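Let's walk through this structure together, beginning at the ligand and then moving to the aromatic rings.

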Amino acid sequence: MNIKQNLNDIKSQLPNQVTLVAVSKTKPISDLMEAYDAGQRIFGENKIQEMADKYEEMPKDIEWHMIGHVQRNKVKYMAEFVSLIHGVDSFKLLKEINKQALNHDRTINCLLQIKIAEEDSKFGMSLNDVKDMLSSEDFSELKNVKIKGLMGMATFTDDNNQVKQEFERLKTIFDDLKPIQKSNCDLQIISMGMSGDYKLAIECGSNMIRVGSSIFGVRNYNN
Ligand SMILES: *Cc1c(COP(=O)(O)O)cnc(C)c1O
């Protein structure tokens, strides 16, 4: 597995407006450093403790993205350094992120996770949940978070048509919400697409892709 070459292959095919998040969950620091040495500065992790450990050990010019499901009681472990939290799926969680960001006197950028998949296992808010939240008074008072966009995960299936429909749904929701501009909400990012479907996601309007196995190889959860 040549991490540098994989990275360069993917990057050479990406349109300019698309940001690549290198998903390094379960991988050792040595693998992340290979990507770092090849120029990669944005890494995505799905476990807060693992991300915090890697943050301690790695160079400090890295942007750390939390792409997994976030438990409220663990936000404090990443509040100091996380650059973007992709999986914000409730108002309660957003309030906790705001509180922890305030403790560190900073603003934490967030994406709202929208449920686009049919699978019940996937997390996310509905369009109405988001509209209610963004228009509430409580939301305006959250000065230490900034909503930068939306994130979605398609159903895990070989049916490209279904995946495409789900991606298009996220793009439609994004376009619907985009006019809502507030001091703590300015939707610019659509985070969708992983190793198996990022090309399709980009065709459907994604400008941030989260790619793991195509860069680092398949994950071994027994390590
Ligand atoms: C693991 C993960 C990815 C990357 O998956 P690959 O198929 O390895 O590219 C992307 N997004 C999320 C939310 C993930 O948990």
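**Around the ligand**

The shell around the ligand is made up of 6 nonpolar, 3 polar and 3 charged residues (Ala, Val, Leu, Ile, Met, Phe, Trp, Tyr, Cys and Pro count as nonpolar, Asp, Glu, Lys and Arg as charged, and the others, Gly among them, as polar). This is a predicted model, in which local features need pLDDT of at least 70, side-chain atom pairs count only at pLDDT 80 or more, and totals for chains, interfaces and linings use all residues. Residues are numbered from 1 along each chain as its sequence is written, and side-chain values use heavy atoms, with hydrogens and water left out.

Among the residues around the ligand are Val 23, Ile 67, Met 151, Met 153 and Met 194, each with a heavy atom within 4 Å of it. Polar contacts (N or O pairs within 3.5 Å) come next. Ligand oxygen atoms lie 2.6 Å from a side-chain N or O atom of Lys 25 and 2.8 Å from one of Ser 213, while a ligand nitrogen is 2.9 Å from one in Arg 210. The protein covers 90% of the 390 Å² of accessible area that the ligand has on its own (Shrake-Rupley method, 1.4 Å probe).

Now for the rings. The structure has 2 aromatic pairs, with ring centres within 6.5 Å. One of them, Phe 43 with Trp 64, is tilted, at 5.8 Å centre to centre and 35 degrees between the planes (under 30 degrees would be stacked, over 60 edge-to-face). Because Phe 43 belongs to strand S2 (residues 42-45) and Trp 64 to strand S3 (residues 63-66), the pair ties together parts 21 residues apart in sequence; strands are DSSP runs (E, at least two residues), numbered from the N terminus.

Definitions and conventions
A polar contact is a pair of N or O atoms within 3.5 Å; within protein, one must be able to donate a hydrogen and the other to accept it, and residues adjacent in sequence count only if both atoms are side-chain atoms. Rings of Phe, Tyr and Trp (its six-membered ring) pair if their centres lie within 6.5 Å; planes under 30 degrees apart count as stacked, over 60 as edge-to-face and the rest as tilted. Helices (H or I, at least four residues) and strands (E, at least two) are DSSP runs, numbered from the N terminus.
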